[in-house]
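Work through the exercises below with the sequence and the structure at hand. Each task is followed by a solution in steps.

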Amino acid sequence: GWSMENVLDEEIKVIKSTVGTEDHVICALSGGVDSTVAATLVHKAIGDRLHCIFVDNGLLRYKEKERVMETFERDLHLPVTCVDATDQFLSELKGVVDPEKKRKIIGKEFISIFDAFAHDLEQKLGRKPSYLVQGTLYPDVIESCPPPGSGRTHSHTIKSHHNVGGLPKDMKLKLIEPLKLLFKGMSVLIIDLSIFSRRIKVRQLGRILDVPQGFLKRHPFPGPGLAVRVLGDVTTGNALDVLRQVDEIFIQSIKDAGLYDEIWQAFAVFLPVRSVGVQGDQRTHSHVVALRAVTSQDGMTADWYYFEHKFLDDVSRKICNSVRGVNRVVLDITSKPPSTIEWE
Ligand code: XMP
């Protein structure tokens, strides 16, 4: 009968026979659930002929790199090269305020780093890697490339998601998409499955692959990272650092209150304005941050989350008391539509 264990065995067989006994495979890990589960699955099938890369683009959350690398290495034993490309990304982003331009730059930098990684690997192995693992689930491509019959065309593309279809054609890598296989065994067309049930399936698969529970439940995080959460020029002052501290307090408070799993996504946004405040006996002219939390089934529509007043009061105090340079916290109370989940 159908069970996740059978699906796993089947997938491992398929990957083994696809890749064969000689070829090498590369995979870009984003730190998200999908790419992690996909890589873990491929690693089970072909061992260290899998080569993963994780890029620190300088736009990650507080301790994100350390946290995901620990999961990759200690819990999952994945072969991962961690590339610190903070300077490269931030220097390209300097002065850029347009959200779509930011996304394009980040996508382009990512490709150049990935290219260099593939090239280095070829030197080291004496042969080209032949396959690329993609953790793509169908829903990831919806906003970049609407499904046929959806009534939406490319001109309706809402945001350019750089993590889909952006790799250079001349790399000539064949794709392995293990999470797509995941839905083949079920006699249901992929298109008919809700994104919600797909996410559950990926988590189930992750669980039997021993991906830690806490990791599997992480909120989605956009490929361009904090670049779309610092409005305007991300290199202004210490915006990224302030945002990381605020975001960490907010998320930690949500976890402490036991609310994390009820929420689809929660995060802070750094606003490019200053407001007047008074802290101690000092008049301040400091940063304003916004908090955003939404519930959703698929990210396509979303409702803003109702926190209790006491919770909001505690978080706001904690942020102003412990993050230097912030004197005002506001809450985003708009749903999607008319807003989007992210502010850029
Ligand atoms: P919006 O802001 O369009 O977000 O309502 C819907 C979902 O998509 C995520 N998002 C992105 N993910 N690259 C990504 O990988 C992007 O450029 C991007 N923009 C938005 C967002 O976090 C939410 O989950």
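The model is predicted.

**Exercise 1. In which segment is Pro337 placed, and what kind of peptide bond joins Lys336 and Pro337?**

Solution. Pro337 is in the segment after E9. The bond between Lys336 and Pro337 is cis, with omega about -15°. Pro338 is found in the segment after E9 as well. The peptide bond from Pro337 to Pro338 is cis, and its omega is near 10°. As background, most peptide bonds are trans.

**Exercise 2. Find which strands pair with E7, and in which sense.**

Solution. Begin with strand E6 (residues 265–279): E6 pairs with E7 (residues 282–295) in the antiparallel sense over 12 bridges. Within this pair, Ala268 has Leu291 as its bridge partner. Two residues lie between E6 and E7, which form a hairpin. Gly280 in the turn has a positive phi of about 65°.

Next take strand E9 (residues 326–331). E9 and E7 run parallel and are joined by five bridges. Here Leu291 stands opposite Leu331.

Val294 has Trp304 in E8 as its bridge partner.

**Exercise 3. Check the span of helix H10 (residues 239–256), then state what its buried residues pack against.**

Solution. H10 has 18 residues; at 1.5 Å a residue the helix should span 26 Å. The end C-alpha atoms are 26 Å apart, so the two values agree. Buried residues of H10 include Leu240, Leu243, Phe250 and Ile254. The buried residues pack against E6, E7, helix H11 (309–322) and E9. After H10 comes Gly258, with a positive phi near 75°.

**Exercise 4. Describe how helices H1 and H2 pack.**

Solution. Two packed helices are described by the angle between their axes and the distance between the axes. For H1 (residues 4–19) and H2 (residues 33–46), the angle is about 65° and the axes are 9 Å apart. H1 is therefore roughly perpendicular to H2. The crossing is right-handed. Among the residues of H1 at the contact are Ile12 and Ile15, and among those of H2 are Leu41 and Val42.

**Exercise 5. Is Lys63 buried or exposed?**

Solution. Lys63 lies in the loop between strand E2 (50–56) and helix H3 (64–75). Lys63 has 11 C-beta neighbours inside 10 Å, so it counts as exposed. Its phi is near 55°, a positive value in a residue other than glycine.

Notes. Residues are numbered from 1 along each chain as its sequence is written. This is a predicted model: local features need pLDDT of at least 70, side-chain atom pairs count only at pLDDT 80 or more; totals for chains, interfaces and linings use all residues. Two strands pair if DSSP finds at least two bridges between them. Helices (H or I, at least four residues) and strands (E, at least two) are DSSP runs, numbered from the N terminus. The expected span of a helix is 1.5 Å times one less than its number of residues. A residue is buried if 20 or more other C-beta atoms lie within 10 Å of its own, exposed if 12 or fewer, and partly exposed in between; C-beta atoms are placed from the backbone. Two residues are in contact if their C-beta atoms, placed from the backbone, lie within 7 Å. Axes are lines fitted to C-alpha atoms, for helices over the stretch in contact, and angles run from 0 to 180 degrees between N-to-C directions. Angles under 35 degrees count as roughly parallel, over 145 as roughly antiparallel, 65 to 115 as roughly perpendicular and the rest as oblique. A crossing is left-handed if the near helix is turned anticlockwise from the far one by less than a right angle, and right-handed if clockwise.
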